Amino acid sequence: MTRTSLTIPTKVTNRMTKADIRQFAETKLRPDRSGGSFKALKGRTMVEQTKYEKLFSTPLVRFRVPDHEVLNDALMNEGRRLHAEDEGASKSNRGGWHSSGNLFDHQTDCIQALRSAAEDSVIGATRKVTTKVDPKNLGLKLFGWMNSNPPGGFNAPHTHPGAHWSGVYYVSQPDVETGTSGMIEFLDPRTDLPHWRLLKAPAFSMKKKIRPAAGEMILFPSYLVHWVYPNEADEERVSIAFNATFKKRKKT
Ligand SMILES: [Fe+2]
């Protein structure tokens, strides 16, 4: 005879068979699913970790251009030349100059050299985050601009909507080791995190600031809110920023 839940005994009696008593014990030791408590278990319940995954991480990838001094000198001169003939655009720049149009449309050697370095960085960063697509098989659009921040200049918090990667190449950085001049800060895009601060876990910190050196190229997803600290040094700070957007190549 098949037992149903109605025949499960609720207490031990003299008339119970061994099978009944075994079932009674099993039932009593099983978690009470209606109330969610272990009525008959005492003490601590052990667990075994079966998996540890990091979900929804945000990559920050850093590169450097070897022997960048010659390139940076040429970019500084090109920047001065462009600045003299271009009033600039008003974007996130506060007190600084932001070149107009796509910087990579200029065919000067130094701009095209930087364009190729930016492209290599984008390909390298993309290969860090996926092995399922070869970025070389996609179309890639780069749109760049130059930032020149004099003393006091900074960039307000912003994102670069619509692109995949955003990047910054550092042409000239203030020669400081303390303070915040030349620092870029990223803000955690996740919401509902303030109560995690209690744990001081790096994975849940709300901000991350870095001071890349001249010759460094950094890449991050364009949705990441970032801003640049005011330049407190005496010399101007020059960087070239860009957006990188992949497109599916049309079949021919
Ligand atoms: Fe930016």
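**View 1. Strand 7 meets strand 10 in this predicted model.** Strand 7 covers residues 184-187, and strand 10 covers residues 225-228. The two run antiparallel and are joined by four bridges. One end of the pairing can be picked out by name: leucine 187 has valine 225 of strand 10 as its bridge partner.

**View 2. Phenylalanine 63 sits in strand 1.** The strand spans residues 61-64. Phenylalanine 63 counts as partly exposed because 19 other C-beta atoms lie within 10 Å, while a buried residue needs 20 or more. Beyond its neighbours within four places in sequence, phenylalanine 63 contacts Ser121, Gly124, Glu216 and Met217. Isoleucine 218 is 155 residues away in sequence, yet its C-alpha lies 6.2 Å from that of phenylalanine 63.

**View 3. The largest nonpolar core has 30 residues.** Ala118, Tyr169, Val171, Leu219 and Ile240 have the most contacts inside it. Helix 2 (68-85) and helix 3 (109-129) each supply at least two residues of this core. So do strand 4 (139-149), strand 6 (165-172), strand 7, strand 9 (216-221) and strand 11 (237-247).

**View 4. Alanine 118 and its contacts.** Residues up to four places away in sequence are not counted here. Alanine 118 touches Leu142, Gly144, Gly167, Tyr169, Met217 and Phe242. Tyr169 is, like Ala118, among the residues with the most contacts inside the core.

Definitions and conventions. Residues are numbered from 1 along each chain as its sequence is written. This is a predicted model: local features need pLDDT of at least 70, side-chain atom pairs count only at pLDDT 80 or more; totals for chains, interfaces and linings use all residues. Two strands pair if DSSP finds at least two bridges between them. A residue is buried if 20 or more other C-beta atoms lie within 10 Å of its own, exposed if 12 or fewer, and partly exposed in between; C-beta atoms are placed from the backbone. Two residues are in contact if their C-beta atoms, placed from the backbone, lie within 7 Å. A nonpolar core is a set of buried Ala, Val, Leu, Ile, Met, Phe, Trp, Tyr and Cys residues joined through C-beta atoms within 7 Å.
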